[in-house]
Amino acid sequence: MPGLCGVFCFVGRMRLVLYWDTLPGNGMDYEITSSHILYLTFPMEAVVLELVKTKHELRQLLKAVRSEGKSVGLVPTMGYLHEGHLSLIRKARQDNDCVVVSIFVNPTQFGEGEDYNTYPRDLERDMESCRGLGVDIVFAPEADEMYAKGSCTFVDMERLTDRLCGASRPGHFRGVMTVVSKLFNLVRPDRAYFGQKDAQQVLVIKTMVRDLDFDIQIEELPIVREADGLALSSRNTYLSPEEREAALVLSRSLFEAKKRIEDGERNAELIRSGIVDKISSQPLAHIDYAEVVDAETLEPLREIKNGVLIALAVRIGRTRLIDNIKMEV
Ligand code: AMP
């Protein structure tokens, strides 16, 4: 009887079936007879997580996925995954046949003197989190793989990127848009997932997708917070216990502002100054910006109406944290 040895696998959801029948004369140093039938079947669909370090391998894998007519969801991250990231991944898992998570600390979005070198990294732990959520592919290239030697093409935007984080981190959004465009071109996802935590970033990405005709649906998910209100961030790991306590001033000032607006306050400057006063009363906190702006244009508001975004960037010690709240009035 001819030998039979089968491994059936698909990128994405995978069923692994190993089946040995008689394998006479197969060159192995032990003998398998017909009475040794190894039959290894995973009746549940098991997901195999691929760690991909090169653009070429990523493209090859995704070509196979797309040829089967499968949908693809992309979650771009800088890694050191926490529940905020995981909420995006869970949604991507629900919506798509194949989920790609990119983990890349993108040098072009960090300014001089910022924390590119010290940004927390733990690929092994991130792989475990992704495995647990049934991610199909983690794309984690090195910087010199992502950016070809001599790279000199960038994606940029006017107006929206002049404000908030764009004003306090010059060049930041150019780096973000460039790397996200590259990821969109490499993965060609049907959907891509971003958090409201980076409210200006998701607005910039939605605008870029519209303006450059990327055929990708952008999904925006709410901010995930600790029980005491602190927005989850990979940078929270920089905080000492005392700073961690001080950092609560961001969310608390936002929640207070929200309450005042719900109670009828419509004067944007009063809301803004209330936030500034509260944050200034915390000695470890230094305001980078605190703005009450139109949620679509990011223009500062006089009167609170329609969609409003209250956005903060505050340094707690040496750690720059951002947080925001969006409201429809
Ligand atoms: P990062 O790794 O910081 O670049 O973030 C990757 C994605 O996760 C971005 O779309 C962020 O907006 C999102 N994200 C980060 N923190 C949170 C959070 N606390 N809640 C929801 N999404 C988040």
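## The overall picture

Helices here are DSSP runs of H or I with at least four residues, strands are DSSP runs of E with at least two, and both are numbered from the N terminus. Counted that way, the protein chain has ten helices and 14 strands. This is a predicted model: local features need pLDDT of at least 70, side-chain atom pairs count only at pLDDT 80 or more, and totals for chains, interfaces and linings use all residues. Residues are numbered from 1 along each chain as its sequence is written.

How much of the chain is tucked away? A residue is called buried if 20 or more other C-beta atoms lie within 10 Å of its own, exposed if 12 or fewer do, and partly exposed in between, with C-beta atoms placed from the backbone. Of the 329 residues in the protein chain, 31% are buried. As for contacts, two residues are in contact if their C-beta atoms, placed from the backbone, lie within 7 Å. Take the contacts with a separation of 6 or more: 66% of them are between residues 24 or more positions apart.

## The nonpolar core

A nonpolar core is a set of buried Ala, Val, Leu, Ile, Met, Phe, Trp, Tyr and Cys residues joined through C-beta atoms within 7 Å. The largest one has 69 residues, and those with the most contacts inside it are I89, V100, V101, V138, L312 and V314. This core draws at least three residues from each of domain 2 (49-221) and domain 3 (234-328), where the domain bounds come from an automatic or database domain assignment.

Let's zoom in on V138. Leaving out residues up to four places away in sequence, V138 touches L49, L51, V52, V101, I103, M127 and C130.

## Two helices that pack

Two packed helices are described by the angle between their axes and the distance between the axes. Axes are lines fitted to C-alpha atoms, for helices over the stretch in contact, and angles run from 0 to 180 degrees between N-to-C directions. Helix 6 (residues 172-187) and helix 7 (residues 199-211) pack at about 50°, with their axes 11 Å apart. That makes helix 6 oblique to helix 7, because angles under 35 degrees count as roughly parallel, over 145 as roughly antiparallel, 65 to 115 as roughly perpendicular and the rest as oblique.

Which residues meet? F173, V176, M177 and V180 in helix 6 meet Q201, V204, I205 and M208 in helix 7.

## Two loop residues

S71 sits in the loop between helix 1 (55-67) and strand 7 (72-77). With 15 C-beta neighbours inside 10 Å, S71 counts as partly exposed. Its C-alpha atom is 6.2 Å from that of C98, 27 residues apart along the chain. Not counting residues up to four places away in sequence, S71 touches N96, D97 and D190.

P300 lies in the loop between strand 12 (285-294) and strand 13 (307-316). P300 is partly exposed, as 13 other C-beta atoms are within 10 Å. Residues up to four places away aside, P300 touches E291, V292 and V293.

Most residues other than glycine have a negative phi. L164, in helix 5 (residues 164-168), is not a glycine, yet has a positive phi of about 45°. Buried or exposed? L164 is buried, with 25 other C-beta atoms within 10 Å.

D213 also has a positive phi, near 60°, and is found in the loop between helix 7 and strand 11 (217-221). With 7 C-beta neighbours inside 10 Å, D213 counts as exposed.
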